Amino acid sequence: MMDVNEIRRQFPVLDQQVYGKPLVYLDNAATTQKPLCVIERERDYYLHENCNIHRGVHYLSQMATEAYENARRTVARFVNAKEAHEIVFTRGTTESLNLLATSLGRLLASGMSLRGAELSGATWQSTRRPKVLVTAMEHHSNLVPWQQMVQLYGGELLVAPMDDNGVLDLQAYENLLKQSPQIVAMAHVSNTLATINPVKEMIRLAHQYGAITVVDGAQSMAHLSIDVQDLDCDFFVFSGHKMYAPMGIGGLYGKTAWLEKMPPYQFGGEMVETVSFEKTTFNKLPFKFEAGTPNVGAALGLETAIKFIESFDRKAVAEHEEALVAATIAGLSKIEGMRFIGQAPERSGLVSFIIDGIHPYDLGTIIDKMGVAVRTGHHCAEPVMTRFGIPGTVRASFAVYNTLEEVDILVHAVNKAANMLR
């Protein structure tokens, strides 16, 4: 059994009061709090190891380089990548997706035709008028970069619809694949609806129709076990700050064959092999995608966060979080006018809701004054709110340190706030 009280002692930020009330932090889909082990690892780096990496022969540089590359190997193992060089460190999901949209866009514009079993058996015919398929539940980060890419090259953005429960219409998705998109980008878990998409099946179908696949794992890394080889995705992106790691660090997994063919995203130091005024050649993987001085301390914090996650029984954590979600839905269901946005049978980590006649912002503001931190608004997913005809939702999202007692406080706060606003 998990000792949640013991876990909470590793998060000093939770032991405080706001507005004279004990803090109840339920905004974990935006960012998780950081355990002491992560904070101390980053601090220890700056106290004892701080140095630029890959460039010095002296002791500190060698030590920092080895620590950084060990962090890369840890990430690769955590997602079951074949090779450590298939992990590119970035600032997070958003930068990873911008990297892909920019680099794959350039590859498309080059007119290159890529074929062969080396690319998962997929046939990817490059064209100057690209098509990208996304789902109707994407975060802006997995929508806007692709939208801008197809607009730049005169292409088309296809959108797979969902039903009123926030479940992807898989038949409509397959029908859109028949229009031959080159790229299919999908959320693993919706940040607004909690829907767990059937990404393994979606990837299989996409490959069957010759597309490559990008999985947005921002909301899944902390909650689900990730195996990129089993999923067979071509790319998988994530953010550290949603999985107990520091802000400003995350990563991109990509199959070697694709990363080798993609042009660099940014240019400068470290990502080059040779430079002259006439010509520049680029570094090997993964370094050709990591221009400039990296955030070494945050990468070491990410490695520590992964080890923190791995210190728990993942099944027990999942059961704990499922119990929190179930208790939240059961408690909020008793409130008059309650409406849940997103009711997929396969869900993870959060509950989004509105109350008839009450603006989400007003509800969230009063809840905050009772010490409960939830997120209100469109959650960087405006098309989702448009689909449901609402201005936004109140979102309560959970982590390993949340308790059933906190759920009770949330339900009481929502009920009280609703009565005040009616």
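Student: Which residue in β16 is the bridge partner of Arg339?
Tutor: The model is predicted: local features need pLDDT of at least 70, side-chain atom pairs count only at pLDDT 80 or more, and totals for chains, interfaces and linings use all residues. Residues are numbered from 1 along each chain as its sequence is written, and side-chain values use heavy atoms, without hydrogens and water. Strands (DSSP runs of E, at least two residues) and helices (runs of H or I, at least four) are numbered from the N terminus. In β16, Arg339 is bridged to Ile354.

Student: How many bridges link β15 and β16?
Tutor: Two strands pair if DSSP finds at least two bridges between them. β15 and β16 (residues 350-355) pair in the antiparallel sense. Their bridges number three.

Student: Which strands stand at the edges of the sheet?
Tutor: The sheet is open, antiparallel and ordered β15-β16-β19-β18. An edge strand here has a single partner, so one of its sides is left without a neighbour in the sheet. The edge strands are β15 (338-340) and β18 (375-377).

Student: What is the average twist from one strand to the next?
Tutor: Axes are lines fitted to C-alpha atoms, for helices over the stretch in contact, and angles run from 0 to 180 degrees between N-to-C directions. From strand to strand, the twist averages 30°.

Student: How far apart are the end C-alpha atoms of α4?
Tutor: Helix α4 covers residues 93-109, which makes 17 residues. The expected span is 1.5 Å times one less than the number of residues. That should give 24 Å, and the model agrees: the end C-alpha atoms are apart by 24 Å.

Student: How many residues of α4 are buried?
Tutor: Buried means under 20% relative accessible area, exposed over 50%, and partly exposed in between (1.4 Å probe, protein chains only). The rest of the structure largely encloses α4, because its buried residues, out of 17, number 13.

Student: Is Ala194 buried or exposed, and what is its relative accessible area?
Tutor: Ala194 lies in the loop between β9 (183-187) and α7 (199-208). Its phi is positive, about 70°, although it is not a glycine. Ala194 is buried, with a relative accessible area of 0%.

Student: What is the relative accessible area of Cys380?
Tutor: Cys380 sits in the loop between β18 and α13 (382-388). This residue, other than glycine, has a positive phi near 55°. Cys380 is partly exposed, at 35%.

Student: Which residue does a cis peptide bond join to Leu285?
Tutor: The bond's omega is about -5°.
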